[in-house]
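I am new to this structure and would like a short tour. Could we take it as questions and answers?

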Amino acid sequence: MLAPAPGPMMGMGMGGMGMYGYQPGGLSSDAYADKRLRPLDAEHYSAAGLLPYRRRDGGVELLLAREKPWNSFINNYDPLAWNPFGGKRVTRQERSAETTAVRCFQEAVGDVEGAPSQQALVQLMPSSFYIWYPLGKFALILVEVEDGSLDDFPDKFASYKQAHPNEEFRILPSGVKKWAKQIDSLEWVPGASLTPDAKFDVSDLLANILKVPRFAEFLTGKFDPAETWPKSSYVPPAPENGVDGNGKGKGKGKGSFKGKGKDK
């Protein structure tokens, strides 16, 4: 879990209102939404996540996990809450937020039937945009799923979960203990169920992301990234070859990333 930011967040990203602020080392101290991360944020992020969304007549819906997020401050799990897919960067191995985000998504759900491959996730990147959460140095990548391929993914996850109950952790061949994500279910959540007041508990991370003005406007339909940033305006870097939580390359499975678990 990432601790909540003290006080309101400033900034709306490139072209938005509000002043940029900087942390030591030049990273942005203001939360923002934009088509791309600012250069130093992209280089020195600490964690990243992937948030698929789809459009419906009533607005956008987000694919969220009902999860007990790990809280490193209390060395235990937080209560069940809506949470985006994400996790810590593998230092000295992962050079882009896209790589970390894709790996974390596939660690969480990559074994489920119908889970998108690395290639499929990369193909979604041109329509993506980014949310920067400064206190956690966290980059959240929102990708639109237009082809309906994940519409029934929550049901497929439920079937997988029934056949494979959660384990608290597993031991990697290297002897490292890998903590498993405690995901109860997946759900397509309408934006209206998150703002102005969430209809279910949200993680500290998601609570802080909901404070970013552009993200709130996106959920309520006041901001359309497809109109602001055409797909051809920016193509993010493709993720590198997969690495596991021990920093070693992976070469098997659906796409280049495989496995479960999360670092504390």
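Me: Which strand of the protein chain has the highest confidence?
Reply: This is a predicted model. The mean pLDDT of the protein chain is 81, and 75% of its residues reach 70 or more. Confidence is lowest in strand S10 (residues 169-171), at a mean of 67. It is highest, at 97, in strand S9 (residues 138-144).

Me: How many contacts beyond near neighbours in sequence does the stretch of residues 1-19 have in the model?
Reply: The pLDDT is below 50 over residues 1-19. Where pLDDT is low, the predicted coordinates should not be read in detail. With that caution, the model gives this stretch, beyond near neighbours in sequence, a count of 52 contacts.

Me: Is the aromatic pair of Phe 129 and Trp 229 stacked, tilted or edge-to-face?
Reply: The ring centres are 5.9 Å apart, and the planes make 35°. Stacked needs under 30 degrees and edge-to-face over 60. The angle falls between these cut-offs, so the pair is tilted.

Me: Is Trp 229 buried or exposed?
Reply: Trp 229 lies in the segment after helix H7 (225-228). Its relative accessibility is 13%. The cut-off for buried is under 20%, so Trp 229 counts as buried.

Me: Why is the pair of Phe 223 and Trp 229 edge-to-face?
Reply: The ring centres are 5.4 Å apart. Edge-to-face needs planes over 60 degrees apart. The pair is edge-to-face because its planes are at 75°.

Me: Which residue has its charged end over the ring of Phe 223?
Reply: Phe 223 is buried, with a relative accessible area of 6%. A charged end sits 4.4 Å from its ring centre. That end belongs to Arg 214.

How values were computed:
Residues numbered from 1 in each chain as written. Predicted model: local features only at pLDDT ≥ 70, side-chain atom pairs only at ≥ 80, totals over all residues. Heavy atoms only, no water. pLDDT = per-residue confidence, 0-100. Helix = DSSP H or I, 4+ residues; strand = E, 2+ residues; numbered from the N terminus. Contact = heavy atoms within 4.5 Å. Phe/Tyr/Trp six-rings, centres within 6.5 Å; stacked < 30°, edge-to-face > 60°. Buried < 20%, exposed > 50% of the residue type's maximum accessible area, 1.4 Å probe, protein only. Lys NZ or Arg CZ within 6 Å of the ring centre and 35° of its normal.
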